[in-house]
Amino acid sequence: MSFTPTKPAVVVFAPTTAGGAPRGASMAEAQTWGTEMETYAESIEARLVTQLGTDTIVVGVFGQSNVERILAYSWTPPPNLFLWNSDSANPGTILAPVPGSIMGVGYSFGAEIARRNPTKRVVVINVGRGSTPIANWVVTSGATPNMYAASKAAVEACLAYLGKTSIDYVLWWQGESDYLAGAATIANYVKSWSAMWFQFFGEVWFPRETPFAIMAVSERYVPDPLMKSFNRELRRVADLEPPYRTFVDTKYLAADLWDDPTSRIHMTAEGYDVAGRTAALAALAGFSQGRDATPWQTVVKRITESRTNTAIPIADKELKLSLRSGYTYNIRGKIWGSTSAAADFKWALDGPAATLIGGTRNYMTRDASGTRNDLIYSAGYPSGQVVPITGGDGFFMVEFDLIVTPTSSDAPFSFSWSQTAATGDNTYVFAGSFVELTEVS
């Protein structure tokens, strides 16, 4: 489809006529040209929306302040990630690329889905409101503002714009107001949440099999001992529909990913980045492993990191989790990287004091010798582990698998690394490396 205006811009806005006489654009000509351009642009947008509608994944993100909070952050969103401009008071009207200067848990959740679907457009609908209990999502409660109506309006406006008929994923992070209200409210939460879900289920745009990731509220909120019992209720919610609902346990995320240490009810921008990716990995798996078999909590390294002139292992910027005293964990990881023969690679696992530490570790290099080394340990966290490089391209892979029961206090667990011999050569740990854990008892 070509565009032919009544008069082209070079004529309408030309400073002189063909004969050289001064010529100013007339108001009528400029208005005609502008109106024709707007009409043409709208027709292009309509065709693109129709064409791309079936190639779009729509993600709904609903909840309280941890959904509403958008913080300053520097990152690189996938080019196929977009944000619908809705909020708790406005259903939204248009899409925009997600900026690389801010972060919210919904942005990170959508970004992970976008990375795994690079040929599709991923659109995030973010509707959150702080200090708002579950009653505001249950229409029959009469609570105001009606957050279910706000969420519904945003979804339907977005789907109409896109030409789509259904939503594809939901991230839910809500409950702080309910557990702070006390035991009686906690006891009714599953009933209230189920009433809210049946409202979703009654919508033509919400298939029953829609993956629903349910975030745990922060168990690091110091003043309130009811946090753990409330998260049991959230896990019960997931267990009611295990093929479609996934409980995402946030207590394994490192302490420094949470904000003010006097409250820790919210996360930092980096925390929302990690939490969103963790939730997306769980939702993409498509099922919850249930109340008695906790799912693996995975932290994936997203940015390749390099280090030089260091021979003392320090914690990786991303590969860290949090362990709670009195629990037993199975922790495993796989690390890829490269270094030089002069530098080699040194690594360690760092964590809290524990009564039981045992497992296996090995490394493999892709140099001339094709070295592979397997070891069993039981006396403590492995430290000062050297991966020697004798030649070739310097590529290596490290694996570990261990059982840990912390005894002292809640503390971080991290993969730490450096060079063996400090040199100016770059030593890398690649994006895609990961550490994960599951609660055994």
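For sorting residues by class, Ala, Val, Leu, Ile, Met, Phe, Trp, Tyr, Cys and Pro count as nonpolar, Asp, Glu, Lys and Arg as charged, and the others, Gly among them, as polar.

## Ground rules

The model is predicted, so to speak with care: local features need pLDDT of at least 70, side-chain atom pairs count only at pLDDT 80 or more, and totals for chains, interfaces and linings use all residues. Numbering starts from 1 along each chain as its sequence is written, and side-chain values use heavy atoms, with hydrogens and water left out.

## The cavity

A cavity here is a set of points on a 1 Å grid over the protein atoms alone where a 1.4 Å probe fits but cannot get out; lining residues have an atom within 4 Å of a point. Points are joined across faces, edges and corners, and the volume is the space filled by probe spheres set on them.

The count comes to 1 cavity of 30 Å³ or more. Its lining includes Val-274, Arg-277, Thr-298 and Arg-302, and by class it has 4 nonpolar, 2 polar and 2 charged residues. Helix α10 gives the largest share, 4 residues (helices are DSSP runs of H or I, at least four residues, and strands of E, at least two, numbered from the N terminus).

## The core

A nonpolar core joins buried Ala, Val, Leu, Ile, Met, Phe, Trp, Tyr and Cys residues through side-chain atoms within 4.5 Å; buried is under 20% relative accessible area, exposed over 50%, partly exposed in between (1.4 Å probe, protein chains only). In the largest one, of 63 residues, Phe-109, Ile-331, Phe-400 and Phe-415 touch the most other members. Helix α10 (residues 269-285) supplies 8 residues, the largest share.

Technical notes: On a 1 Å grid over the protein atoms alone, a cavity is a set of points where a 1.4 Å probe fits but cannot get out, and a pocket is an open set with protein on both sides within 12 Å along at least five of seven lines; lining residues have an atom within 4 Å of a point.
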